[in-house]
Amino acid sequence: MEGLVPVQRLPLRVASPSLYRYSNVSVSIRRSLSGFAMDKRIRFTAPSSEFSIRAQQSDLKESLVVSSSSVEDKGNALRIKEWEVEMYQDELAVSQGIRIRRKPPSKAPLGYSGPFELRLHSNDADSPRNILEEITWYKDVEVSRMKELNPLDELKKAVENAPPTRDFVGALRMAQERTGLPGLIAEVKKASPSRGVLKENFDPVEIAQAYEKGGAACLSVLTDQKYFQGGFENLEAIRNAGVECPLLCKEFVVDPWQIYYARTKGADAVLLIAAVLTDLEITYLLKICKKLGLAALVEVHDEREMGRVLGIEGIELVGINNRSLETFKVDISNTKNLLEGEHGRQIREKDMIVVGESGLFTPDDIAYVQAAGVRAVLVGESIVKQSDPEKGIAGLFGRNISHT
Ligand SMILES: O=P(O)(O)OC[C@@H](O)[C@@H](O)c1c[nH]c2ccccc12
């Protein structure tokens, strides 16, 4: 039998208050659980709202078949917990001003209440609001696929035998002492969604070697394939080619698995983007980095994110992105603005290293962000585009900063 049974009105108890934000909740019967319809003990009581409940009749039949073996099994309890955590994360994200949604609305976590699955229908269509959101959604899918090929247990074993990491933060401090200029993190970047292809005939190892010769303290390697035409194989190849600069894995991290993976591919540091991650996630991911010997560059792009990050213990490196990943707008006065006042004071007090990121092209730009308080810079476009990236570095700083 197909079709819907008549819509029933039942008071519905929801496990998380965030559900009340949604006006339209539809409910379908869970097959594996018993008791619907037959069991009047399952009550749905919402403090103030009533929701329409629609049940597929075919589902209903199945649920009645299994209904004799009543129970809340352990697996179910776990799924409910997982859901609660995910909903809690969503609420946290909203309360922390994070606009990036981690999944398309239709893939939002299913809710459970008694034997019902809840699918929340927000009025937003399933399209990302900006490029950062689009990338984030894609990462979710990509990571689940990659996890199947490289299960976490295997990565953990590989990490045990991996060579030690190099000191990313130490290299930046040393470079600054050596040159009196901000330490350079030179980025191996073929393309970006905002600028298109930056370099045809892109040879990541050759570029990395040129950067090292030119005096870069560290390198940043884009590993995202779809939007930046990068790859983990670039990270691995650069590491295996004998480059000594510590390497930042430039990735959109949404899952701890990615950090383990980066470590097995030769990363010494990873990027964590505050516009995507909640404080709780950053705290947790930082712990994993620490355990694996990786440095973490925590990236912010506005006052609010800076405030959040200053409230998290154990952050040594803060990146200020002059490019909004939501709008692509680049403005290097962003670095200056975020380092003024109370935030700047706290950063100096904690002896954090601030990295000025994006849109830096000239010695004047470098002098400007240095005067604002940065002790390192992350530069891609202006140096990768040069036919000789080694010379590009000298051009960027207005003088030769190589060791020789
Ligand atoms: O090429 P630019 O403008 O010099 O920017 C480098 C770097 O800051 C930029 O690539 C970047 C900063 N944060 C990111 C996060 C994801 C991807 C890329 C980035």
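1. Basis. The model is predicted: local features need pLDDT of at least 70 and side-chain atom pairs count only at pLDDT 80 or more, while totals for chains, interfaces and linings use all residues. Residues are numbered from 1 along each chain as its sequence is written, and side-chain values use heavy atoms, with hydrogens and water left out.

2. Aromatic pairs. Four aromatic pairs turn up in a search of the whole structure. One of them is stacked, because the ring centres of Trp 257 and Tyr 261 are 4.8 Å apart and the planes are at 15 degrees. Rings of Phe, Tyr and Trp (its six-membered ring) pair if their centres lie within 6.5 Å; planes under 30 degrees apart count as stacked, over 60 as edge-to-face and the rest as tilted.

3. Helix H8 (residues 256-264) holds both Trp 257 and Tyr 261, which are four residues apart, about one turn of the helix. Helices (H or I, at least four residues) and strands (E, at least two) are DSSP runs, numbered from the N terminus. Trp 257 is buried at 3% relative accessibility, and Tyr 261 is buried at 9%. Buried means under 20% relative accessible area, exposed over 50%, partly exposed in between (1.4 Å probe, protein chains only).

4. Ligand site. The ligand is surrounded by 16 residues, and the closest are Glu 187, Lys 189, Glu 299, Ser 358 and Gly 380; a residue is near if one of its heavy atoms lies within 4 Å. The side chain of Glu 187 has an N or O atom 2.5 Å from a ligand oxygen. For Glu 357, a side-chain N or O atom is 3.4 Å from a ligand nitrogen. A polar backbone atom of Glu 381 is 2.8 Å from a ligand oxygen. Of the 440 Å² of accessible area that the ligand has on its own, the protein covers 99% (Shrake-Rupley method, 1.4 Å probe).

5. Asn 130. This residue sits in the loop between strand S5 (116-121) and helix H3 (131-149). Asn 130 counts as buried, at 14% relative accessibility. A polar atom of the Asn 130 side chain lies 2.9 Å from the backbone nitrogen of Glu 133. The side chains of Asn 130 and Glu 326 make a polar contact at 3.5 Å (a pair of N or O atoms within 3.5 Å; within protein, one must be able to donate a hydrogen and the other to accept it, and residues adjacent in sequence count only if both atoms are side-chain atoms).
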